[in-house]
Amino acid sequence: MPQVTKGQWNGHDTYILHSEQLEVTLLPGLGNNVIRIWDRTKQREVLRVPDAADLDFYMQKPYHFGIPMLIPPGRIRRGAFEYDGVQYQFDQNTANNNHIHGLHRTQSWKVADIQELDEYCTVTATFLTDSDPNWARQYPIPLKLEMTLELRGSTLSQSLQVHNLGEHAAPFGFGLHTWFMIDGEPEKWKLELPVSAIYELDAELLPTGNVLPLGEHALLPQGIKLKGTNFDTAFQIGANPVRAVLTRDDGLKLVYSAGERYFKHWVVYTKGEADQFICIEPYTWLPDAPNLQLDRSVTGLIDIQPHDKVDLQVNLDIRYE
């Protein structure tokens, strides 16, 4: 029967969701990120796992491990924009005094519910953004975030509900910076990513608003081997399904998908030539979305009206063929 047990990582409580196929470890007290998926069938780590000795690095850059949440994802020019008459100034924490990867870091989330049923188990955690002065200083519209993690067999679902508690429209963007292990064997792995174009970036790695043909990545929708690839690339999904498929030669298949209403972009990142891991990142908004002179239907910026809410879903299905 699926169950949830408690553990520890560097003195912080973890919640471990168990099925016959997987063990999924959630760290609510430091950002509510998934830090581990253990594949019981293949006896392997699915994700890049932070070691106990990585605590200091994790506290600085938690988006380097597991499935970290990015709210919002990517860069913002000078960290500044205006929306619905409200000024936003995010910390300038990267090159050229820009901002990168949002306000969500290591905040403590509250576990609100645990369910253990015949077919699946869940953990639900919540966070109020105005409880964090550092967040509220940069993003003055109060939000309630509620994430439910569900494990059903070899399928993991993440559902994020975002509720605008303020009196102004909230400009919202969400992404996941998911670190899939390829175990130093990129020649055994293939990535299939149905995309339509590449976003042009300027010298500061910010989108210009222009799109480019896939060029050397033209075969990506059909699938390419990862050996010799070097990605740090933002892709437009267009009319394609929001689905990435990572396949190993022995038939192990990871199918990563997201809700088509809100997710409009993929970022793929290998941190140099593909070797130990590949980051496959679903984004709702294009980096620097509020500053681009493009319609929200293109940038993916989600306008959450006062007292309204949106639901975002991402699924990881591990298949053994």
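Where is D288 found? I looked it up in this predicted model. D288 sits in the loop between strand 26 (277-283) and helix 3 (296-299).

I stayed with D288 and checked its backbone. Its phi is near 65 degrees, a positive value in a residue other than glycine. Is D288 buried or exposed? I found a relative accessible area of 2%. The cut-off for buried is under 20%, so D288 counts as buried.

I then turned to L205. Phi of L205 is also positive, near 65 degrees, and L205 is not a glycine. I located L205 in the loop between strand 19 (197-201) and strand 20 (207-212). Its relative accessibility is 39%.

Next I checked a peptide bond. The bond from I71 to P72 is cis, with omega near -10 degrees. P72 lies in the loop between strand 6 (69-70) and strand 7 (75-76).

**Entry: K190**

I looked up K190 and found it in strand 18 (residues 189-192). K190 is partly exposed, at 33% relative accessible area. Which residues does K190 contact, leaving aside neighbours within four places in sequence? I noted G223, I224 and K225, and also V245, L246 and T247. I also took a distance from K190 to G228. These residues are 38 apart along the chain, and 12 Å separates their C-alpha atoms.

**Entry: largest pocket**

I moved on to open space. The largest pocket holds about 550 Å³. I counted 24 lining residues. Nearest the centre are R75, I100, H101, H177 and D232. Which elements give two or more residues to this lining? They are strand 22 (232-236), strand 25 (265-269) and strand 26. Strand 22 gives the most, with 3 residues. By type, I logged 11 nonpolar, 8 polar and 5 charged residues in the lining.

**Entry: second largest pocket**

The second largest pocket has about 160 Å³ of space. I listed its lining: G7, Q8, W9, T14, I16, E23, T25, I35, R36, W38, V49 and P50. Two or more of the lining residues come from each of strand 1 (3-9), strand 2 (12-18), strand 3 (22-27) and strand 4 (33-39). I sorted the lining into 6 nonpolar, 4 polar and 2 charged residues.

Key:
Residues are numbered from 1 along each chain as its sequence is written. This is a predicted model: local features need pLDDT of at least 70, side-chain atom pairs count only at pLDDT 80 or more; totals for chains, interfaces and linings use all residues. Side-chain values use heavy atoms; hydrogens and water are left out. Helices (H or I, at least four residues) and strands (E, at least two) are DSSP runs, numbered from the N terminus. Buried means under 20% relative accessible area, exposed over 50%, partly exposed in between (1.4 Å probe, protein chains only). Contact means heavy atoms within 4.5 Å. On a 1 Å grid over the protein atoms alone, a cavity is a set of points where a 1.4 Å probe fits but cannot get out, and a pocket is an open set with protein on both sides within 12 Å along at least five of seven lines; lining residues have an atom within 4 Å of a point. Grid points are joined across faces, edges and corners, and a volume is the space filled by probe spheres set on the points. Ala, Val, Leu, Ile, Met, Phe, Trp, Tyr, Cys and Pro count as nonpolar, Asp, Glu, Lys and Arg as charged, and the others, Gly among them, as polar.
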